[in-house]
Amino acid sequence: MSDIVLGIETSCDDTAVALVNSNGQVLSSVISSQIDVHNAYGGIYPEFAARAHILSILPTVNEALLRANIKPEQIEAIGVTRGPGLISSLLVGINTAVGLGLGWNKKVIGINHLRGHLRSADLEQQRVEYPAIILLVSGGHTFLAYMESSVNIKLLGSTRDDSVGETYDKVGRMLGLDYPGGPAVDRLASKGNPSISFPRPLLKTGLEFSFSGLKSSVSRYIDSCKKPVYEDIAASFVQSVMEILIKKSHLALKSYPAKSFVIVGGVAASPQLRAEAAKLSQELNIQLSLPPIHWSTDNAAMIALATFDYLNLSMFKEPIPELQLTISDF
Ligand code: KG4
Ligand code: ZN
């Protein structure tokens with residue numbers, strides 16, 4: 001049996017294909033970005049996203065095979081994101097995977113997008129040490145989880161409203177920045193002073209998050225201020241977000257016997273979050289595992305790596321992982 005999985009990820013606005021082996025080594029990873037398609041609208045239009053996926057999916061598969069110098073017969077299986085995500089975008093990836101699977105006579109496995117993110121810290125670097133506390137911060141989700149192994153996940157607390165990434169994107173739009181707002185807000189924040197005191201909702205209670213109050217408060221501040229200094233607003237907003245994420249992570253790390261602290265998802269690309277997480281892990285003397293920035297945001301390599309978990313489990317005839325989970329949308 002070969003040791004290579006072809007991963008396909010089309011849950012949102014990137015068409016991504018990768019070839020990965022079971023050690024987490026990435027043989028190729030190709031991402032066709034749609035930022036130019038959506039930038040003019042300040043967000044993602046599902047219909048346009050699906051059209052762009054249709055145009056780019058097969059060329060992206062071919063490019064990934066060419067770059068890795070791999071032939072379809074050398075692949076063990078195809079892993080494809082089956083959700084959560086935009087349904088019309090997901091369908092393009094799923095239908096392509098099923099078609100390729102039939103044509104090439106390969107097993108096709110549907111992978112949860114969040115499972116992909118959760119495994120992204122194992123791509124091309126030292127393996128995550130379990131049990132781990134994992135903070136997932138993406139455009140669609142925000143939660144803390146306790147992972148006993150790469151497949152056993154216990155949800156500790158998630159957001160009651162907006163995700164962190166969504167909040168960055170909305171604040172970015174308020175500040176007149178291009179989509180996606182995250183990297184642009186970070187850059188602006190690095191030039192400002194965190195002089196404005198924005199709220200830190202749910203800071204003192206449990207492991208759940210809330211970000212909609214913070215978002216509204218930034219909006220009210222901009223509306224009420226005669227001469228808003230955008231750099232200071234961005235810096236103050238980022239400081240509030242950091243305080244919330246770090247305080248909650250600290251509480252989770254104190255409450256569970258973890259060997260490592262892992263942060264995944266698009267917002268894990270934030271330099272401020274990386275710096276704060278490094279301080280926290282030093283203070284608690286715990287190993288910090290962060291995926292490199294290019295594996296933090298959406299990619300297909302993480303989907304391919306998560307596919308090996310499914311292949312290994314089905315080999316040993318254990319129950320499929322979904323049945324053991326406590327989070328409803330896994
Ligand atoms: O994980 P991801 O690529 O897609 C989802 O699964 O949602 O996350 C995308 C999110 C966007 O909201 C984007 O603004 C945010 O990640 N993001 C960042 C940074 N880079 C991407 N947020 C803060 N700082 C960044 N450098
Ligand atoms: Zn994602």
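A polar contact here is a pair of N or O atoms within 3.5 Å; within protein, one must be able to donate a hydrogen and the other to accept it, and residues adjacent in sequence count only if both atoms are side-chain atoms. This is a predicted model, where local features need pLDDT of at least 70 and side-chain atom pairs count only at pLDDT 80 or more, while totals for chains, interfaces and linings use all residues. Residues are numbered from 1 along each chain as written, chains are lettered from A and ligands numbered from 1 in written order, and side-chain values use heavy atoms, without hydrogens and water.

| Residue | Atom type | Distance |
|---|---|---|
| H113 | polar side-chain atom | 3.1 Å |
| G139 | backbone N or O | 2.7 Å |
| G182 | backbone N or O | 3.0 Å |

The protein covers 88% of the 560 Å² of accessible area (Shrake-Rupley method, 1.4 Å probe) that ligand 1 has on its own.

Why does ligand 1 lie between domain 1 and domain 2? Domain 1 (4-119 + 295-312) and domain 2 (128-290), with bounds from an automatic or database domain assignment, both give residues to its shell, so ligand 1 lies between them. Around ligand 1 there are 20 residues (a heavy atom within 4 Å), and G139, D169, D186, G266 and D298 come nearest.

Now for the backbone. A cis peptide bond joins G83 and P84, with omega about -10 degrees. Another cis peptide bond links Y179 to P180, where omega is about -5 degrees.
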